[in-house]
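Please look at the structure before reading on.

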Amino acid sequence: MDASSTGRDGLSGFDRAMLERARGLRLGGRGRAHPNPMVGCVLARDGRAIATGWHAEYGGAHAEVAALRNAGDEARGATAYVSLEPCAHFGQTPPCTEALVDAGIARVVYGAADPGGESGGGGAALAEAGIEVLGPCLTSHEALADNPAFFHRARTGRPYVAAKLAMSLDGRIARRAGERSTVTGPEAHAEVHRLRADHDAIVVGGRTALVDDPLLTVRGDASPRTPPIRVVLDPAAELGLDSRLVGTVDEAPVWLFCGETVSEARIEAFERAGVSVHPVPAEGDELDLDIVIGRCADLGVTSLLCEGGGRLVSGLLHAGLLDRLYLFVAPRVLGSDGVPAFPAEWPRGGPGPAAASDWTGVTDPVRFGDDMLAVWDRLGTPPDREED
């Protein structure tokens with residue numbers, strides 16, 4: 001399709017190119033715009049882009065306003081391409097719809113419909129003001145891929161739960177049980193830090209915390225507006241008081257979820273060290289993950305990234321609580337003594353029909369150094385859970 005031809009949805013090739021550019025620009029707000037969605041905007045006319053902008057910081061200018069400022073008087077008569085429907089309400093900033101109307105924008109093409117009860121309806125408001133509007137132009141799957149936590153929260157009212165696993169070609173996440181193993185390379189590690197910056201909280205199981213003694217902080221070029229909370233699910237509260245997590249509690253909060261039978265003395269020791277302790281029901285050595293996620297929601301968490309181990313990821317999967325999987329695959333073999341990444345019923349390489357629900361790939365696999373990243377999303381709602 002050439003730039004002047006128009007598809008069945010009313011978009012020309014140029015329209016599509018500008019909308020895709022706006023979607024890419026949204027990443028300028030990665031880790032900084034939350035809890036607002038990431039949004040990008042391109043202003044164009046006469047077949048060329050004249051200005052761009054993105055929502056760079058929560059409380060700051062939205063993408064449309066940033067682009068309008070960069071365009072100045074050239075904005076009059078232009079088309080605004082926005083990855084998300086312009087907002088029509090007063091929040092931290094005035095409505096973007098008013099800014100677009102006041103600037104003399106002639107046409108607006110937007111990607112995803114805003115699901116917000118207050119912020120939605122911007123397209124209709126622009127049309128009432130006499131502006132030509134095309135949108136939403138993205139599928140619901142594309143919209144979810146752009147801002148997963150934002151759309152998930154609006155649709156379900158519960159926290160968005162993602163998991164990251166790094167595995168070898170033979171489906172192992174460690175060389176042997178109880179041994180800390182580096183599976184992927186530095187480029188993949190850098191991407192994991194960027195993923196951490198996208199979430200409110202980073203979650204690991206108690207055994208992973210004991211074996212790996214991780215920091216779980218965001219490092220490298222990622223710069224979140226607020227450091228993610230570090231959450232340990234540790235039924236017996238075995239985390240060491242001398243661990244790196246406890247020792248760096250002043251850098252980022254640490255929450256410990258443990259069983260209700262843990263002694264008051266042990267809980268008080270963690271609390272004196274600055275750790276927030278949350279006893280929850282447990283069955284054997286397994287915490288009730290539904291209650292854990294619900295408690296996190298009550299405490300204001302809207303998105304969590306689980307970094308293992310495989311047992312915790314499996315538990316989230318089978319509880320119907322896992323929404324996205326980031327799967328890094330390294331070109332190496334760890335051998336038959338290695339720790340499996342997935343339960344036996346999962347096909348090697350990713351979730352499939354035998355998993356707790358149906359999954360789909362978000363994008364084509366992306367290379368980070370020698371490693372590959374595949375991203376999987378769960379489709380639909382969790383299956384009904386059987387009663388005991």
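Is Cys41 buried or exposed? Cys41 is buried, with a relative accessible area of 0% (buried means under 20% relative accessible area, exposed over 50%, partly exposed in between, with a 1.4 Å probe and protein chains only). This is a predicted model, in which local features need pLDDT of at least 70, side-chain atom pairs count only at pLDDT 80 or more, and totals for chains, interfaces and linings use all residues. Residues are numbered from 1 along each chain as its sequence is written, and side-chain values use heavy atoms, without hydrogens and water.

**Cysteines**
- There are 0 disulfides in the structure (a disulfide is a pair of cysteine sulfur atoms within 2.5 Å).
- For Cys41, the closest cysteine sulfur is that of Cys96, at 8.8 Å, which is too far for a bond.
- Cys96 is in no disulfide either, and its nearest cysteine sulfur, in Cys87, lies 3.6 Å away.
- Cys96 counts as buried, at 1% relative accessibility.

**Pockets**
- The lining of the largest pocket comprises 50 residues, and Thr208, Asp212, Glu307, Gly308 and Gly309 lie nearest the pocket centre (on a 1 Å grid over the protein atoms alone, a pocket is an open set of points where a 1.4 Å probe fits, with protein on both sides within 12 Å along at least five of seven lines; lining residues have an atom within 4 Å of a point).
- The second largest pocket is lined by 35 residues, with Arg26, Ala145, Asp198, Arg324 and Tyr326 nearest its centre.
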